[in-house]
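I set aside some time today to go through one structure. These are my notes, in the order I looked things up.

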Amino acid sequence: MINPEASLKLQSELTSGESILWAGMPNPSVIFHSEDWLMVPFSLLWGGFSIFWEAGALGLWNMGSRGHQAPGFFVLWGIPFVVIGQYMIWGRFLYDAWLKRRTYYGITNRRVLLLQEGWKRKTSSIYLEAIPTITREGAEIGTIWFGPQYPVMAGRGQKTRSMSRFSVGDVPLLADIDDPNSVYQLVMDLKDKSGKKLDDR
């Protein structure tokens, strides 16, 4: 239950008397999540329209003798939308794969710990007794949320989260881990024990 590489990386984050009970890394496979039911069609529509716009601005739909290209402003205007569309269609999966190789998870006798060595070194943790809610998603490979599961897209004024589950945010989560059920049970047992210790004080 302890990944040696993840355990080694997390050693520098431990406090006095803290010990690692589980350590792991995200499964490196490409895994589709619940939000992809919305993201995939939305990204295809966005990407398709942006390419259609850019092709029109470049005059590719008027290839006859009278074909003309739109003013440069319209060509430049469409480029960012094409780039965003390509990122949503396939770039985000490459970015996630890059982050997966640099993300380390740990569960100690005191807290849930996350370390990421991406563009910047980032850490996130939550003490067991402070976890408000625990939600698991998936069976063989899945995600465990330690707090509210905010949507990727929502109405105005509503809180959202990053498109990538591997972006370190307000709510700690263990994304794309193997055997999430056993990890979930470990956290529940530890949380229960920590709660009893507080009651005994």
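Is Glu35 buried or exposed? I checked this before anything else. The model is predicted. Glu35 has a relative accessible area of 12%. Buried means under 20%, so Glu35 counts as buried.

Next I looked up where Glu35 sits. I found Glu35 in the loop between strand 1 (20-24) and helix 2 (36-57).

Which residues does Glu35 contact, leaving aside its neighbours within four places in sequence? I listed Val152, Arg161 and Arg165. I also noted a polar contact of 3.4 Å between the side chains of Glu35 and Ser34. Then I looked up a distance.

For contrast I turned to Leu45. Leu45 belongs to helix 2. Is Leu45 buried or exposed? Its relative accessible area is 64%. The cut-off for exposed is over 50%, so Leu45 is exposed. Leu45 and Gly138 are 93 residues apart in sequence and 28 Å apart in space, C-alpha to C-alpha.

How many strands form it, and in what order? I noted 4 strands in an open sheet, ordered 1-2-3-4, with antiparallel pairing. Strand 1 and strand 4 (121-127) are the edge strands, and each pairs on one side only. On average, neighbouring strands of this sheet are turned by 15 degrees against each other, direction ignored.

I looked at one pairing in detail. Strand 1 pairs with strand 2 (residues 103-108) in the antiparallel sense, over 4 bridges. Ile20 stands opposite Thr108 in strand 2.

Last, cavities. How many cavities of 30 Å³ or more does a search of the whole structure find? I recorded 2. The largest cavity has a volume of about 40 Å³. What lines the largest cavity? I wrote down Thr103, Tyr105, Leu114, Gln116, Arg165, Phe166, Ser167, Val168 and Leu173. Strand 2 and strand 3 (111-117) each supply at least two residues of that lining.

Notes: Residues are numbered from 1 along each chain as its sequence is written. This is a predicted model: local features need pLDDT of at least 70, side-chain atom pairs count only at pLDDT 80 or more; totals for chains, interfaces and linings use all residues. Side-chain values use heavy atoms; hydrogens and water are left out. Buried means under 20% relative accessible area, exposed over 50%, partly exposed in between (1.4 Å probe, protein chains only). Contact means heavy atoms within 4.5 Å. A polar contact is a pair of N or O atoms within 3.5 Å; within protein, one must be able to donate a hydrogen and the other to accept it, and residues adjacent in sequence count only if both atoms are side-chain atoms. Two strands pair if DSSP finds at least two bridges between them. Axes are lines fitted to C-alpha atoms, for helices over the stretch in contact, and angles run from 0 to 180 degrees between N-to-C directions. On a 1 Å grid over the protein atoms alone, a cavity is a set of points where a 1.4 Å probe fits but cannot get out, and a pocket is an open set with protein on both sides within 12 Å along at least five of seven lines; lining residues have an atom within 4 Å of a point. Grid points are joined across faces, edges and corners, and a volume is the space filled by probe spheres set on the points.
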